[in-house]
Amino acid sequence: PLEHPGANRRIGPDLPILYRLKADNPSAIIVGVPLAVGASGLVGSQWESNATAGAGGSYFERMVTHGNLARNAALAAWPGANVSFRFYWVQGEQDSATAISKAAYVTGLTDVIARSRSRITGAAGASWTLGSMLPNKWAQPGDPEYNAGGYTAGYAAINEAHVAVSLYTPG
């Protein structure tokens, strides 16, 4: 999983990822659509997905709307362009703090992935990369990043869910 460059640097993984994509594809036009919402949970929250337009949580619906708008804008600016989607998901601290089960998180994230692919035009084959939670939130006692009192069974459950979704969800 991708790691945060540091909690005090106030930057997520999006810019380094975009710079790397551009370096690997110098002739490509790379467009990022930031949709992060800090301190947001997945399960039972505004990230809840739904196959029906407008029926998901507001954050999920915003992702679908902005994905479709970005695709349309790219095609308007560069007619005939090959528009592809890549999603980067760095989330889990809130769910781990509220003791969401591994099974519930796996179901929620698997649904978000499947429904984003079906509801965003052109995203059927989109790749998803799952980033880790902040290291000081999931490190166990004895690890250098351990934050005394920060590790709970909830953090372990979400870490295990991230691994399970990474291993068993295509793309």
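The secondary structure of the protein comprises 6 helices and 2 strands, where helices (H or I, at least four residues) and strands (E, at least two) are DSSP runs numbered from the N terminus. Read from the N terminus, the elements follow the order α-α-β-α-α-β-α-α. The model is predicted, so that local features need pLDDT of at least 70 and side-chain atom pairs count only at pLDDT 80 or more, while totals for chains, interfaces and linings use all residues. Residues are numbered from 1 along each chain as its sequence is written, and side-chain values use heavy atoms, with hydrogens and water left out.

Of the 171 residues of the protein, 33% count as buried; buried denotes under 20% relative accessible area, exposed over 50%, and partly exposed in between (1.4 Å probe, protein chains only). Contact is defined by heavy atoms within 4.5 Å. Among contacts between residues at least 6 apart in sequence, 66% join residues at least 24 apart.

Helix H2 (residues 58-77) has 20 residues, and its end C-alpha atoms are 28 Å apart, in agreement with the 28 Å that it should span at 1.5 Å a residue. The expected span of a helix is 1.5 Å times one less than its number of residues. Within H2, the residues Phe60, Glu61, Met63, Val64, Gly67, Asn68 and Ala74 are buried. Their cover includes strand E1 (86-90), helix H4 (102-119) and strand E2 (127-131).

The packing of H2 against H4 has an angle of about 35 degrees, with the axes 10 Å apart; axes are lines fitted to C-alpha atoms, for helices over the stretch in contact, and angles run from 0 to 180 degrees between N-to-C directions. To this contact H2 gives Phe60, Glu61, Met63, Val64 and Asn68, and H4 gives Val112, Arg115, Ser116 and Arg119. By class, 4 nonpolar, 2 polar and 3 charged residues take part, with Ala, Val, Leu, Ile, Met, Phe, Trp, Tyr, Cys and Pro counted as nonpolar, Asp, Glu, Lys and Arg as charged, and the others, Gly among them, as polar.

The largest nonpolar core has 24 residues, and those with the most contacts inside it are Met63, Trp89, Tyr105, Leu109 and Trp128. The elements giving two or more residues to this core are H2, E1, H4, E2 and helix H6 (153-168). Such a core is a set of buried Ala, Val, Leu, Ile, Met, Phe, Trp, Tyr and Cys residues joined through side-chain atoms within 4.5 Å. Leu109 touches Leu42, Trp89, Leu130, His162 and Val165, with residues up to four places away in sequence not counted. In H6, the buried residues include Tyr155, Ile158, His162 and Val165.

Several loop positions were also examined. Ala99 lies in the loop between helix H3 (93-97) and H4, and is exposed, with a relative accessible area of 61%. Ala99 has a positive phi of about 60 degrees although it is not a glycine. Most residues other than glycine have a negative phi.

The loop between helix H1 (14-24) and H2 holds Ala55, which is partly exposed at a relative accessible area of 43%. Neighbours within four places in sequence aside, Ala55 is in contact with Asn50 and Glu61. Gly32 is also found in the loop between H1 and H2, and is partly exposed, with a relative accessible area of 39%. The C-alpha atoms of Gly32 and Arg86 are separated by 9.5 Å, although these residues are 54 residues apart along the chain.
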